[in-house]
Amino acid sequence: MWLIISFVLGALALALIMWLRTSHVSLTWYEWLLGIIGLALLLFTILFFTDALGETEPKAGTMFLLVLGLPAVILLALTWQLTARRIKKA
């Protein structure tokens, strides 16, 4: 499963970088940082959730979705909004 996820993430990163170069959009350092932290939290949440379900501990997995999954989604949405507003402003 993680091999497929890493291939998909690599393809998405390549597509993002190619899109940024063709549309002449540059991201600031904190947008990159927020995006990377949000993605790392999301991947860690997926890892822990799938492991918790495999060990028949669904409550621990769902609580971890709330504890780290929600901040991951908030960080990714914040990164998207910062970038979209800066592009729209320019």
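Mentor: Contact here means heavy atoms within 4.5 Å. The model is predicted: local features need pLDDT of at least 70, side-chain atom pairs count only at pLDDT 80 or more, and totals for chains, interfaces and linings use all residues. Residues are numbered from 1 along each chain as its sequence is written, and side-chain values use heavy atoms, with hydrogens and water left out.

Trainee: Which residues does Thr 83 touch, not counting residues up to four places away in sequence?

Mentor: Thr 83 is found in helix α3; helices (H or I, at least four residues) and strands (E, at least two) are DSSP runs, numbered from the N terminus. With residues up to four places away in sequence set aside, Thr 83 touches Leu 27 and Glu 31.

Trainee: Is Thr 83 buried or exposed?

Mentor: Buried means under 20% relative accessible area, exposed over 50%, and partly exposed in between (1.4 Å probe, protein chains only). Thr 83 has 12% relative accessibility, so the residue counts as buried.

Trainee: Why is the pair of Trp 29 and Tyr 30 edge-to-face?

Mentor: Rings of Phe, Tyr and Trp (its six-membered ring) pair if their centres lie within 6.5 Å; planes under 30 degrees apart count as stacked, over 60 as edge-to-face and the rest as tilted. The ring centres of Trp 29 and Tyr 30 are 5.8 Å apart, and the pair is edge-to-face because the planes stand at 90°.

Trainee: Which helix holds Phe 64, the partner of Phe 44?

Mentor: Phe 44 and Phe 64 form an edge-to-face pair, 5.5 Å centre to centre with 70° between the planes. This pair links distant parts of the chain, 20 residues apart: Phe 44 lies in helix α2 (residues 29-54), and Phe 64 in helix α3 (residues 58-89).
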